[in-house]
There are 2 protein chains.
Amino acid sequence: MLAAIPPRPYHHGQLREALVNAGVALARADGPEAVVLRAATRAAGVSHNAAYRHFADRDELLRAVCERCMSQLALLMEQRIDALPSDTDPMVTAWARLDALGRAYVEFATTEPGWFQTAFAVPRTTRAFAAGEGTGASGLGPYELLGSRLDELVETGAIPPERRPGAEYAAWSAVHGLSTLLNDGPLRDLPDAERERALGAVLDVVARGL
Amino acid sequence: MLAAIPPRPYHHGQLREALVNAGVALARADGPEAVVLRAATRAAGVSHNAAYRHFADRDELLRAVCERCMSQLALLMEQRIDALPSDTDPMVTAWARLDALGRAYVEFATTEPGWFQTAFAVPRTTRAFAAGEGTGASGLGPYELLGSRLDELVETGAIPPERRPGAEYAAWSAVHGLSTLLNDGPLRDLPDAERERALGAVLDVVARGL
DNA sequence: CCAACATGTTGACAGTGTCCACTTTGGGTG
DNA sequence: CACCCAAAGTGGACACTGTCAACATGTTGG
């Protein structure tokens, strides 16, 4: 019997990328807990210990996957903003953009619950994202994208400048809280229509309160 | 050599309670992932398989622990409300109570991160809490407690009745989102002063927006 | 050309959840 | 009172995980 021809050379070549991709797929299906070292190496067709040549431990792989998930969130936010028709009135446009941003956030959490959960499951043992990580096409992360919208509201005179400080905390907390309550929290079983009502109520209160 | 006198009778007697208590302690220290069957049985001084006489699987134990954690949250919210001096103006009192409720929520999340995380980590495989579970001394859960505050605001005329529907979604999402962002999210490393500012901003926007 | 080095492999260990068969115990029935 | 049986606890096994150490295999620079 001849030795089986190995399907790939001894050295993978792109193993780090392959592992992160596998991790992203696992996270998409079942959230951060499903990002399992051995599963990722199996998917990459490689021995279980090969991962340690590219990541110090599981947390370091998970961190890379989290970054990717955060990028996906940023990407959808950018996409939904760009798809918006711009009104002649800049103030109207600014409000519409904030609204679209919030809706994109909750849309991402609802349609990609695994990714959303993973994006915020950065292991405590590693530092938070550095600048330029977890960003969308524009190089801005979800937080910066929100800040831009709020700045726009001030520039167009939609909200007075003295209300600008701390505004991102309020807006971000509101949509993030709704997202997690709908996904993993007590609002998990809410029917679609009621989910939409809840989203409307949250965005309305934020817009009025800013 | 005489046989060692067993430190407890063969039948534990209160094993279910003991396991849940152990689980609550584990959750307090390290969150829901630390609620480990074998650790709980060790703490109860019992064989690792004894747990299966009281819980179908790990998720069922975790669910019981989650309930307890939710009760702890409800308890602190009740406590902070009760400790509030009542103003002569019922409208002022109503606003103060909503504020205290939100602060209690974030206080709980900040001072007991393990419990807070666990309270919302109810396993997907099991149903959500039934009525009367995860409640405080009054028999109301955090959600009902919030609803009572909002009803009070309507009754005192602080907010018009037409703004009542959906109000709990907005208020709850805001404080819950801030809590999770501060605990596990990108706001994790915020210094104390800035945390306080963020909390103020969130509560302010909610109060203005309702 | 070969030696150092990066990368991948094999085998082991402790820890986990869960299944199975077994033992101990206490309460009810003949 | 004697018995027996169901509830509760035990011990062993299995598959799975992350991680470590020792080893094998390519690649590459001097």
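What share of the 210 residues in chain A is made up of buried residues? In this predicted model, buried residues account for 40% of the 210 residues in chain A.

**Fold of chain A**

- Chain A contains eight helices and zero strands, and along the sequence its pattern reads α-α-α-α-α-α-α-α.
- The C-alpha trace of chain A spans about 75 × 35 × 35 Å along its principal axes.
- Among the contacts in chain A with a separation of 6 or more, 71% are between residues 24 or more positions apart.

**Helix 7 of chain A**

- Helix 7 of chain A, residues 167-183, has 17 residues and reaches 24 Å from its first C-alpha to its last, which is close to the 24 Å expected at 1.5 Å a residue.
- This helix 7 of chain A is mostly covered, with 15 of its 17 residues buried, where a buried residue is one with 20 or more other C-beta atoms within 10 Å of its own.

**Contact between chains A and B**

- In the contact between the two chains, 29 residues of chain B meet 29 residues of chain A.
- On the side of chain B that touches chain A, the elements giving two or more residues are helix 7 (167-183) and helix 8 (192-209) of chain B, and helix 7 of chain B gives the most, with 11 residues.
- By residue class, the side of chain B that touches chain A divides into 17 nonpolar, seven polar and five charged residues.

**Surface near DNA strand D**

- DNA strand D is surrounded by 20 residues, and the closest of them come from both protein chains, namely A:Leu37 and A:Asp57 together with B:His12, B:Ser47 and B:Asn49.
- Helix 2 of chain A, residues 37-43, provides the largest share of the surface near DNA strand D, with three residues.
- The residues of this surface near DNA strand D divide into nine nonpolar, seven polar and four charged.

Key
Residues are numbered from 1 along each chain as its sequence is written. Chains are lettered from A and ligands numbered from 1 in the order in which they are written. This is a predicted model: local features need pLDDT of at least 70, side-chain atom pairs count only at pLDDT 80 or more; totals for chains, interfaces and linings use all residues. Two residues are in contact if their C-beta atoms, placed from the backbone, lie within 7 Å. Helices (H or I, at least four residues) and strands (E, at least two) are DSSP runs, numbered from the N terminus. Ala, Val, Leu, Ile, Met, Phe, Trp, Tyr, Cys and Pro count as nonpolar, Asp, Glu, Lys and Arg as charged, and the others, Gly among them, as polar. A residue is near a molecule or strand if its C-beta atom, placed from the backbone, lies within 6 Å of it. A residue is buried if 20 or more other C-beta atoms lie within 10 Å of its own, exposed if 12 or fewer, and partly exposed in between; C-beta atoms are placed from the backbone. The expected span of a helix is 1.5 Å times one less than its number of residues.
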